[in-house]
Amino acid sequence: MSALIKFENADISNGANTMLYNVSLAVEEGEFVYLTGKVGTGKTSILRTIIAENPLAKGKGEACGYDLRKIRSKHIPALRRQIGVVFQDFQLLMDRNVEENLAFVLEATGWKDKRAIAKRIKEVLEAVGMETKAHKRPAQLSGGEQQRVAIARAILNSPAVILADEPTGNLDEETADGIMELLFSLNKENNTSVLMITHNKTIIEKFPGRVLVCENETINEAL
């Protein structure tokens, strides 16, 4: 196994202020890791640093082979193609249907062949159980269905890592369990690493993984 995400003695900022100091952590290939902690402790700042949205303030950081201290802006799209991001609030384009949402991402990341685009969209929608909803707009879908589409969007480019920021935060328990089962199946079947922010202790108990805790301005392994 090799670390896809790695920080050593890193200071993590939210773009303006340092949120976390002296962070050392690694997410290995095929791991499922939770990131927990109170609101405002820097969890989302970690994810934004991994995708090179926030600059790494100090120390060493690496994501999918890219040095986060030295990465050039022209290489950031290539880094992000290896990382799928899932948000709590879905962030789908409301004026486009499901298929158009996914095609937009593929075209933005360099796909040009219409047949290949259609084939890949069909594959990811089948993977998340949404193959019959391709022509629906987000407003016609439930919250759980929208999150499944968001996960389909995140796996379009077969990422090595999925970063999930409270992906079950707006969902009822049964729907949340379905989303967790989907993330776990992607983790096990595709060996995709998952780093997921959550406050939900019930989810962590039901779907065990390694747990990291943001507290006291740093990150530690949960005991």
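Rings of Phe, Tyr and Trp count as a pair if their centres lie within 6.5 Å. In this predicted model, Phe32, Tyr34, Phe184 and Phe207 form one aromatic cluster.

**Aromatic residues**
- By the rule on ring centres, the count comes to three aromatic pairs.
- One of these is formed by Phe32 and Tyr34, whose ring centres lie 5.3 Å apart, with 55° between the planes.
- Phe32 has a relative accessible area of 6% and Tyr34 has 0%, so each counts as buried, the limit being under 20%.

**Largest pocket**
- The largest pocket holds about 840 Å³ of space.
- Its lining has 27 residues, and the closest to the pocket centre are Arg80, Ile83, Val85, Phe87 and Arg153.
- Two or more lining residues come from each of helix H1 (43-50), helix H2 (76-81), strand E6 (83-86), helix H3 (98-108) and helix H5 (143-154).
- H3 gives the largest share of the lining, four residues.
- By type, the lining residues of the largest pocket are 13 nonpolar, seven polar and seven charged.

**Ser13**
- Ser13 belongs to strand E1 (residues 3-13).
- Ser13 is buried, because its relative accessibility is 8% and the limit is under 20%.
- A polar atom of the Ser13 side chain lies 3.1 Å from the backbone nitrogen of Gly15.
- Beyond its neighbours within four places in sequence, Ser13 is in contact with Thr18, Met19, Ser45, Thr49, Asn54 and Pro55.

Definitions and conventions: Residues numbered from 1 in each chain as written. Predicted model: local features only at pLDDT ≥ 70, side-chain atom pairs only at ≥ 80, totals over all residues. Heavy atoms only, no water. 1 Å grid on protein atoms, 1.4 Å probe; cavity = no way out; pocket = protein on both sides within 12 Å on 5 of 7 lines; lining within 4 Å. Points joined across faces, edges and corners; volume = space filled by probe spheres on them. Nonpolar A, V, L, I, M, F, W, Y, C, P; charged D, E, K, R; others polar. Buried < 20%, exposed > 50% of the residue type's maximum accessible area, 1.4 Å probe, protein only. Polar contact = N/O pair within 3.5 Å; in protein donor to acceptor, adjacent residues only side chain to side chain. Contact = heavy atoms within 4.5 Å. Phe/Tyr/Trp six-rings, centres within 6.5 Å; stacked < 30°, edge-to-face > 60°.
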